[in-house]
Structure formats: C-alpha cells, structure tokens
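Keep the 3D view open as you read.

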Amino acid sequence: MNPDTPPKANWSRARRMWRKVENVGFALVFLLVVLYFILQSNAVQNWLIGKTTAYLSKELHTRVEINHINIEFFDNVVLEGLYIQDLQGDTLIYAEKFSAGLNSNIFSLIWNKLEFNEISLTNARICLQREAGDANNNAQFLIDYFSSPPSTQPEKPSKPFLLKIQNFSLRDVVFTSDDRGNGQKMVFKVPFGNLKINKLDTGERIADIRSVDLRGFVFDFKDYPAPSSNTPEPDKTESIVPDTTAKKPFRFLVRQFSLEQAGFIM
C-alpha cells in the first residue's frame, strides 16, 4: 500500500476488490444450484441413465439397468431399481435402492482410491452361482474387471483399488450362494446390518473390516446331491505341475462382530 495514497482511496479500492470476490463466489454458487436443478429434471436424468447403463453394459459385457438416478449436492448418489445380470443372463444383483455418499473427492478415482461415508442397500438380492465344472462363480467377471490391468496395456501391472467405507448399511438383503458343482446352497438373510470397512484391496484380495453388526440374521444351508462328473480322473503317475495362474483366495479380517436374534437352518 502506497503511504502517499489517502486512506479513503485505499478503503475504496479494497471494497471494490471484495465486491469482485463476492460476485465470483455468487456466480459459482449460482452455477452449482442451476446445475443441481438441471440434474433433477426428468429429461437430464433419463439421458444420464441411458449413458450410464450403456457404458456399464459395454464395459461389463452384460445387461445393466437403472430405473432412477438422484444426485444430491454432488456427493451423494441414489440409484433406484439397480439390476445387473451375469454373463449367462441370470440375475446377479438387484437392489430396490442403492445409495452412496462420498467422503472424498471423486477425482480420487484417478489414484484408484475411493472413500464413502455411507453406502446403503435396501431390498437387495445378490445371487452367486457356480456351475459344475466351472472354477469360478458368476461374479468373477466383476472381480476381474476391477482388479485386472487394462487390455490395451497388458505389460503394465495394475494398481490395486483401495476402498474405504465408514458405514455400510443393509436393509432386507438376501445373499444366495449356489455351488452346483459341490451340491451346496447357502442363503444369508439380513433384515438389518451395519459394517464398517477400513480397507477393501482387490489387488491383495483382502477386506479389513472394523466392525460387523447383524440383527435378525438367518443362515440357511442346504446340501443336495452334486451332479456326476464325466471328466476322467487324472493319471496319478504323471508329474503334477503346480498351477501358477490360480488366484489366492479372498481374505477377510473382522475386528469386532455382533450378532443378535439369529437363526441357523440346515
């Protein structure tokens, strides 16, 4: 500040600068509000649903549907009527309502990291199946998609995807695992559940879970005759070569577990 400048002139200049800052701030807020209301219109939402489902269907090579999308202040996304098929055309995931609230910047996806303050599933059905003779279940293509390097650069190792969820809420969720090769079917019914996940690393295939709270949980186990296999037994006289392509199993670390009003059926 020039000492020769009168104080009144300095104050006038500072006031003009502050008004410019106010105008810029108001313009940014106004644009965000307008963009928010634009995203709430049916035409924009239908366009967004079409683009999203088309992209996911193309990337996953299966059918993906969403009935309604609601974006609340750019950090909370609500999907209604989420439906994903497996590669055989059967239902893999259906959720009447799926909501996710970001706790980190969306651009953190560039560094393969994402943090949510809450994810909730309401009236959801998840169906895993493994046919006789198959090494993996029908959800393996989703795991491979998020853990494998891009096909255009096979020589570059993939960076593991790190996911942190402060609260994972479940309301009326049924998880079914049908292993038809071994003749075993497991059904997990969760009327109410809450999980806190420290880290989900698809590269290291480990889930570090801080706490699990389940109420009204029911585990239904069914053992039925497995289909006979026509695959000939391997020659035991031949040398056994280890399968280096086999993936290590997914590991779960649970630090605290709470179970109330549960049931077991076999």
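**A polar contact and its surroundings**

The side chains of Asp178 and Tyr224 are joined by a polar contact of 2.7 Å. A polar contact here is a pair of N or O atoms within 3.5 Å; within protein, one must be able to donate a hydrogen and the other to accept it, and residues adjacent in sequence count only if both atoms are side-chain atoms. Please bear in mind that this is a predicted model, in which local features need pLDDT of at least 70 and side-chain atom pairs count only at pLDDT 80 or more, while totals for chains, interfaces and linings use all residues. Residues are numbered from 1 along each chain as its sequence is written, and side-chain values use heavy atoms, with hydrogens and water left out.

Where do the two partners sit? Asp178 belongs to strand β6, whereas Tyr224 is in the loop between β9 (218–223) and β10 (251–254). Helices (H or I, at least four residues) and strands (E, at least two) are DSSP runs, numbered from the N terminus. Asp178 counts as buried because its relative accessibility is 11%, while Tyr224, at 22%, is partly exposed. The cut-offs are under 20% relative accessible area for buried and over 50% for exposed, with partly exposed in between (1.4 Å probe, protein chains only).

Now look at the contacts, meaning heavy atoms within 4.5 Å. Leaving aside residues up to four places away in sequence, Asp178 touches Leu128, Gln129, Arg130, Gln184, Lys185 and Tyr224. With the neighbours within four places in sequence set aside, Tyr224 is in contact with residues including Asp179, Arg180, Asn182 and Gly183. Tyr224 and Gln184 are 40 residues apart along the chain, yet their C-alpha atoms are separated by 6.2 Å.

Two or more lining residues come from each of β5 (113–130), β6 (162–179) and β7 (184–201), and β6 gives the largest share, four residues.

Gly193 touches Phe168, Ser169, Leu170, Arg171, Asp213 and Leu214, not counting residues up to four places away in sequence. Back in strand β6 you will find Asp172, which has a positive phi of about 55° although it is not a glycine. Asp172 is partly exposed, with a relative accessible area of 37%.

Finally, step back to the chain. Its secondary structure comes to three helices and twelve strands, and buried residues make up 29% of the 266 residues. The mean pLDDT (the predictor's confidence in each residue, from 0 to 100) is 78, and 67% of the residues reach 70 or more.
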